[in-house]
Amino acid sequence: MSDRASSGAGAPIVMPKLGLTMAEGLIAEWKVAPGEAVSAGQVLFVVETDKISNEIEAPADGTILSLLAEEGATVAVGAPVATWTGPGQGTGGTEQPPAPLSEPVGAPPVAAPARGERRLSTPFARRLAQQAGIDLADVGGSGARGRIKARDVQAAIDRRTTAPAVSAPAPRGRDLRALIAARVTRSKAEIPHFYLSADARFDALAALRREVNADPSSPGKLSVTAFLGAAVGRALALHPEANGVWRGDRVEPLDAIAIGIAVEAPGGVMAPVVPLGGGIHDFASALDAAIERARQGRLGAADVGAAAIGISNVGMFAVRSLTPIIDPDQSFMLGVGAPRAAFRADENGAPVAVRKVTLTLACDHRAIDGAAAARFLATIVELIEHPVRLLLPIRS
């Protein structure tokens, strides 16, 4: 890869940090070639982490001078992966570019070598193999120099459990499926979950939403998820002890309030993080944009911020309740079911027809105890049942 190896002059394009716990990323695909002119916003390359696949865009106009890392290479955060004529991004402490590789891009899968021979593999592939009980010595690598990727391990898992394998290469969706599998498995293995459930009356929120969305002066339509996010965010503001995540051996408080939102996207669920601030329409606008980017597979670094809680709303599927899995970078995940009819007693004991939703809060017991988590959930219920306060500005 002499054209990729010659760095020449120029500013570095570095491996971005796409999450609090990201230390390295895998170059899944280059979208540009040396000598190619690029414009601001153009996708340069795709990065795989253990959380998601991200398309990295050019921050400005420029020309690519050289590519310093092969597809399939794992590169430390801050290390240069290319040079170009645009603005430099800094190297984050890595002064020298990585050594060039000699194999061509897109090399065919390499058969598993003899036992005892050293194998190249990505961290995610090793993690997935360990979790599935797969010996990497039995896996052929499709990456550069036979590097074993997550999709190779996933293919080995499929061969172990299904009919004769198909020789066609795995689609991108399988890569994402493997990453999601590794991430949720890690969550269930490392986070001591406990769960709290409560029903919240939904009538007032539904009525307020109809009224706001029918107002011609409203700056935009508000989804149920936008109201739920506003309720959760305001509850975090009222319970700052809940706005933290477990890091190492302690709870790390977060400076701002943000909400992760589970989004169904091609290949699997993604969870962009949306910051709160300003009014509910500001949050709703940012939420809608993040959801659209997730569905298009165009999430960027700004979508992987710090958040203490995520929301998974399955109400649109008429599912009564959801017991969710916590994102490994967060402390809570709120599962929201579909509104349903029920009866409650009024102040005179007479039955009154209402609509209610079931909320299930998955909690990291390292970060919070049951009583504090119960108060936090009770506040969310209170805000959903009395939603007018959700229209007031949110202080992050």
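Predicted model: local features only at pLDDT ≥ 70, side-chain atom pairs only at ≥ 80, totals over all residues.

Guide: Residues are numbered from 1 along each chain as its sequence is written, and side-chain values use heavy atoms, with hydrogens and water left out.

Visitor: Is Gly335 buried or exposed, and why?

Guide: A residue is buried under 20% relative accessible area, exposed over 50%, and partly exposed in between (1.4 Å probe, protein chains only). Gly335 counts as buried because its relative accessibility is 0%. Gly335 belongs to strand S17, residues 332-336; helices (H or I, at least four residues) and strands (E, at least two) are DSSP runs, numbered from the N terminus.

Visitor: Which residues is Gly335 in contact with, leaving aside its neighbours within four places in sequence?

Guide: Contact means heavy atoms within 4.5 Å. With those neighbours left aside, the partners of Gly335 are Ser312, Leu322, Pro324, Thr358, Leu359 and Thr360.

Visitor: Where is Met316 found?

Guide: Met316 is in the loop between strand S16 (309-313) and S17. Met316 counts as exposed because its relative accessibility is 56%.

Visitor: How do strand S3 and strand S6 pair?

Guide: Two strands pair if DSSP finds at least two bridges between them. Strand S3 (residues 37-38) and strand S6 (residues 62-67) are antiparallel, with two bridges, and Ala37 stands opposite Thr63 in S6. S6 is also joined to strand S8 (residues 80-84) by three bridges, again in the antiparallel sense; there Leu67 has Ala82 in S8 as its bridge partner.

Visitor: How many salt bridges are there?

Guide: A salt bridge is a side-chain nitrogen of Lys or Arg within 4 Å of a carboxyl oxygen of Asp or Glu. By this rule there are eleven. One of them joins the side chains of Arg186 and Glu190 at 3.3 Å, N to O. Both residues lie in helix H4 (residues 172-190), four residues apart, about one turn of the helix.

Visitor: What does the salt bridge between Glu385 and Arg344 tie together?

Guide: The side chains of Glu385 and Arg344 meet at 3.7 Å, N to O. Glu385 lies in helix H8 (residues 370-385) and Arg344 in strand S18 (residues 340-345), so the pair ties together parts 41 residues apart in sequence.
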